[in-house]
Amino acid sequence: MRTLLSSLTVLLAVLAVAPRAQAQGRTVTGQVTAAEGGQPVTGAIITAVGHPGIVSQTDEQGKFRVSLPAGAITLVVRTIGYKRQEIAVPASQSSVQVRLARDVLKLQGMIVTGQATSVARQNIATAVSVVQSADLTRVPAQSLTNALQGKVPGAHITMNSGAPGGGGQIQIRGVTSILGSGEPLFVLDGVIISNATIEGGMNSLTAASGGGISSSEDNAANRLADLNPNDIASVEVLKGAAASAIYGEKATNGVILITTKRGVSGRPRFNITQRLGVNTPEHLLGSRHFSSTQELVDTYVPPLDPGATASDSAKYNAAVAMYTNAYQAPYFDYQKALYGQRDLSYETDVSVSGGTDNTKYFVSGTIKRDAGTELGTGATRQNLRVNLDQSFGDRVTAHVSTAFIRDVTDRGISNNNNNNASPLYVLAYTPAVINLAARDSSGSYPENPFAGGGSNSSNPFQTLAYIKNNSDVYRWIGGGRLDVQAITSDHNSLTLSAIGGVDWFNQDDELYSPSFLQFEPADGYLGTAVQGNADNRQLNASLNAVWKYSPSQSGILGFLNTATTSTGLQYEETGVNRYNLRARGLVPGVGNIDQGTRDQSQTREAVRDQAYYGQEELLAFNSRLFLTGGFRAERSSVNGDRKKFYIFPKASGSYRFVNPFPGVDEVKLRAGIGTSGNQPRYGDRDQTLALAGQIDGENALTASSTLGNPHIKPEKMTEKEFGMDASFLDQRVAFEGTRFDRTITDLLLTAPLAPSSGLGQEVINGGEITSKGWELALTLSPFRGNFSWGSHTSFYHVQGEVVSLPVPAFTVPSSGFGAAYGRSRIAPGYSTTAIWGNITHPDGTFADTVIGDATPKFTMQFSNIFTWKALSLETLFDWRHGGVVSDLDNNLWDEGKNSWDYDHKAPNGDPRPLGEYRYETWDGGHNALVYVQDGSFVKLRELTLSYAVPQSIVDRLPGNIQALQVSLTGRNLHTWTSYWGIDPEVSNFGNQTVSHIVDLAPYPVNRSYFLSLNVRF
Amino acid sequence: MPSRYTWNARCGARHLSYVTVVGCAAVWVLLAGCNSDRLMVPDYNSPTPGAVSADPGALQFAANGILIDARGNIGGWISGVGRLGRESYDYMQTEGRSTTCWLSKPAQDPACGAGSSLWGGYYDALRDIFNFKNTVQASTVLSDAQKKAALGFAETFEAYALEFVIEGRGHYGAPVQVMEDPAQLAPFVSRDSVYSYIIGTLNQAKVDLQAGGASFPFTVTSGFDGFDTPATFLRFNRALAARIDAERASLGVSGCGAALSPTCYQAALKDLSESFIDPANLALGPAFVFSTAPGDNQNPLSNASNNVFVAHPSIQADAEQQANGSPDQRYTDKVYTMDAPLGPGGAVPGIFTDQDFIRFENPTDPIPVIRSEELVLLRSEAKWFTGDKVGAIADLNAVRTVSGKLPPSTLTASSTNDDYLTALLYERRYSLLIEGRRWVDVRRFGMLNTLPVDVPASQMLYDDLVIPEAECLSRKGAPADVQAPTCGG
């Protein structure tokens, strides 16, 4: 990495001293207005054909000023939402008026097609979702993942919990792997960035997954949360292999290309947004009310048998006395208090952009504080970004993007546990009859006598008052791109681009639980401290050549508009070093890991990839026909054969029928086919030995029980995609439909070996799964004027299947808690996300079988924008139909005889109270369907009411204020669902490749309200 | 950084055209990123065999691995066949299967047939021995003598692992090979072939140890003090050979003639003469050591580690009396009577016992591998069946009167073989209590039916351990020569 940086420095230094070649000519001014209505168009980009260094932008009055070389020139004016226009400016002309037609469907936005190429959306032959800046930042979100919810058809985007600092996952077009990665590839301005999840060590407190220091049940945030949505100009989601094949072995789960904002020449333009708001829990579980001591005793103390022994009687009397003495009142609302932190959340975002003809800058700074609802939790993120664009004469432009991030979170404690330390878990067994929040005169919290009492139990008020579960991330993402216009002529252009960047972060985790906490003795040690550190580095560099050939319209190739040939080579590297140090049995009062009995763990990984690619794009017949073909050849250090290149080809085509019938603007038919891969995991190829412990004070080495496979290769996905896009009535109605059909072979699997081999299992490639589905969208913009209404409805359905499996059917690790509660199993002939669990048959026998599917039958999103003059109202509803959830919340609360609806009437005239009826019907896990529940919901994800202060008032404001907007926003305002637990979208096991269905004492999901003020000057 | 100067020199630092700059960048990317050597990333988390064989000190870790494997298997064997031989129970109150799977379930119950856990561990050990031998043979730093010494060490433990495999499954045979490709199945061979392989391996180890010079190229754990050079380790090797030859003789495997015929007992006598047999020091012998240090293991059978590992009540009832009326000293030394009897728990069929072992009281007490006491009894057995009945009675009494403090045996040179075997099995039972021999002994002399069945209605006696379900599944549909017996087609 150091070598790369120093080389880049040298390169930039050389460029800086290079002779300037640009001939300064003349200045042209102009104004850009909307064809409909005539209002000025702000932020339109002005470029000059054949002069890549020339860029300008319109101001709030739609005016611009651009320096041009002498002679006639063609200007291109474009902005999202309007149709692009070319204006010929003769040598003598010095001012122009441009009127842009609306492009409601944004069909002229450019879509990335390769490492260094793009094409207009109207031509693109694959389904690509684009989310624009305004849609990401309208309603403040914990993280980018959160902000994308409901906006990407073809993806399931879920938040694992409501803990401040984010943590969620994006699954595009279904399950593509079982043991490999299930995460999309994230590329920020050409830099491949990490979305790693680093667990901080909460398992040391909860023992959720046994004695390890950390586990997947730690509710850690994935690092996508570090990005600043305010900096983002657009997010493009390449879903299918025909679009993403150019990313090779990392593309199976889709590629998310994030482009940040950049400066344009002109005076400095400031954009300041201040938001203030508050988070509240969207849904809590409540608990049972006990009207009297007697009711409490009757519930929890089993009656004494007539023939009881003296010792039985003594135990009975002690239990009665315990409950009687503990009882204080029918009900204390523990959860309202525990999740009752209402500290102010805020976000301040300041950006300034501007520049000269040769140098443009975009600088932004954001500080965001998200107060958590759980006592003592919160997250603070600071982002600083500098994006610079520099032209060196006519032919060379350099683009540099850097972001510095600090992300500090305190996420408290939540999720599964095995020692009643997790608040919602222990409360399930704690009747709310005692004021656990009241400290005594010495400041001590009362001991929770319930849920086992003593060190088997905890008082969550005490726990949250004293524990620390912090992570502190420093991150730097820097990228650069150098474009050289090597050849420019009427018919040919050759652009050489060097693109590269580095993503580095260091995450420091600190966990401390002092020795006096009630649950602390449970593991045999008083007090726990963990220090964790993860150092993650990613680097990628590519060299690209793009030759664009535009044949003479009169020649033999006149039917061809352009032929774009691109080729390049790439290098990518990832390295991570994680270690945790834990100390238990701490001396009182100190969280220093030197002060206890220590253990530790370390994992290091390094992956390096090399690739070549080639791509041909043909635009022909008056831009009606678009054909693409390409391949990527990639080899990687994680493959068995490190020298072998795996080839990932792709091809796609689209044809536009323009005005085929009256009222029909355009119909585009498109089809694509492509292959992409998913890399083996680090170490899958290595046959290793393992430390087998000590004998007589010396370490011993034995064979690892899992045998690496020196022939392991990437998983391979082949995907066919067909689609039709149509727009009607001058873009008032538009339809998009896509069918995808993916087949994944050479899956990474572990195959059991004969025990007589002396080894346990072997990593292999094999089997086949499929994922097929539909993505449909309907866009309406029936009213455009003083009152306008825009509506976007999307529909997504996906179904996966295990076609063949060369190993016995198996349970997916970390997918649930066994047949009693439902979990994922991979079995041939069944859905990849089938949930298996016990069902009791009428004859009383029970069997482990398919009881549901984690994947919803469909999801739909309804987005509507109403504007009337300066007022606008925007809503986003998200509907999920089907998809089961393993509702451990309900199971725990029924088992604790403490559910809020425990005393409600049971169905079918059953005399038992509802909670008892549910728990006994579950029958110790022989009838899993009681707690494997339907996760359907409709959520009001986002609601915004905004008011743009009219220009006449703005003009009278002091200073140079150009625009002022006030908005009131809400997120997750309401959920309509019959689901019992906290939320059907949460995941106890964090991000999972196959399915994540476990709702188990999570950090409750947030509802947030924000007031935002945006000023531009 | 020289590379930077090289780069500048190659591309020239001044007056560059942009194309040249990009060209140089291309060269840089090609040089830095596109050489496949860059992809040779090591495994940072676990050692690879290649890395280990390149490190001369690593042989020590691998040797420790062989010992840790052998140690790891011994507790489960003693506890498991202790139940089958009606020596012990594992009365875990919350896990009825620790009783039912060993005493009540049909032998081939796929869920928990007896001894399904006493299989893979021995092959894990064989895999590590296989890797160890390969490492030794490929070594460029070991002398020939050191290689021989290391091979002799590994071969001895190879035979030791296979001993348990075949002692448990005499009617089925077993695979004896570990294949280079673990996906390739090794054939099941007959009991007699397994015994031949074991004795052949021990004899090869003897040859190698004799050529092994003065010391091993690694240190052996403290439990092997006195057996930690090739010459002294050979005495341990010969002790194992004596045990195997006596078993072969008593079973009448091919090459040994009919059961109890002298051929292999003669071999056993020769083995014993080369072993560490010492009637004056019956406790002598190597042992597996334990510790409470982090990362180490504690004695899994100690009272501290396992308080539900209790003794069969017949051990108290069957103990003979010393002249002073107190029970056999071996009973007193190894067993005590608990305050309250312990049963199998819940509805699990079984009887209560108030007998518990104090053989391994502390978690750091070592478990013997093979002791002089066993060797003296093996010599008695071999002498009896090779015609030296007086010598046999003398050896028997050397143990009986010293270890058990009992009056001399009433056997005479004219006693029948049956009388002798009854007497021998009594001495072996109490001398080798919870050393994993009882069930093997009654079977090799065809006296399984002398064992008590506590609950005749629901318990049974086992002649073999099960072939585990996982082994059956991985051989399902395989060619006939590699299919496992009792697994079905």
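Predicted model: local features only at pLDDT ≥ 70, side-chain atom pairs only at ≥ 80, totals over all residues.
In strand E28 of chain A, residue A:Ser654 is the bridge partner of A:Phe626.

**Strands E27, E28 and E29 of chain A**

- Strand E27 (residues 625-636) and strand E28 (residues 646-658) of chain A are antiparallel partners, joined by ten bridges.
- E28(A) also runs antiparallel to strand E29 (residues 664-678) of chain A, and nine bridges link these two strands.
- Within this second pairing, A:Lys650 has A:Gly674 in E29(A) as its bridge partner.
- A hairpin is formed by E28(A) and E29(A), with five residues lying between the two strands.
- A:Asn659, located in the turn of that hairpin, has a positive phi of about 50 degrees.

**Open sheet E37-E38-E39-E40 of chain A**

- Four strands of chain A make up an open sheet in the order E37-E38-E39-E40, with antiparallel pairing.
- Strand E37 (810-811) and strand E40 (846-853) of chain A are the edge strands, each of which pairs on one side only.
- Strand E38 (residues 823-826) and strand E39 (residues 834-840) of chain A pair in the antiparallel sense through two bridges.
- A:Ser824 is positioned opposite A:Ile835 in E39(A).

**Helix packing in chain B**

- Helix H7 (residues 144-168) and helix H9 (residues 230-251) of chain B pack at an angle of about 25 degrees, and their axes are 11 Å apart.
- Because angles under 35 degrees count as roughly parallel, H7(B) and H9(B) are roughly parallel to each other.
- The two helices, H7(B) and H9(B), cross in a left-handed manner.
- H7(B) contributes B:Ala149, B:Gly152, B:Phe153, B:Thr156, B:Ala159, B:Tyr160 and B:Glu163 to the contact, while H9(B) contributes B:Pro230, B:Phe233, B:Asn237, B:Leu240 and B:Ile244.
- By class, the residues of the contact between H7(B) and H9(B) comprise eight nonpolar, three polar and one charged.

**Overall dimensions of chain A**

- The secondary structure of chain A amounts to 13 helices and 48 strands.
- The C-alpha trace of chain A spans about 110 × 75 × 60 Å along its principal axes.
- For 1017 residues, a compact globule would have a radius of gyration near 31 Å; the value for chain A is 31 Å and therefore agrees.

Conventions. Residues numbered from 1 in each chain as written. Chains lettered and ligands numbered in written order. Pairing = 2+ DSSP bridges. Axes fitted to C-alpha atoms, helices over the stretch in contact; angles between N-to-C directions. Parallel < 35°, antiparallel > 145°, perpendicular 65-115°, else oblique. Left-handed = near helix turned anticlockwise from the far one by under 90°. Contact = placed C-beta atoms within 7 Å. Nonpolar A, V, L, I, M, F, W, Y, C, P; charged D, E, K, R; others polar. Rg over C-alpha atoms; globule rule 2.2 N^0.38 Å.
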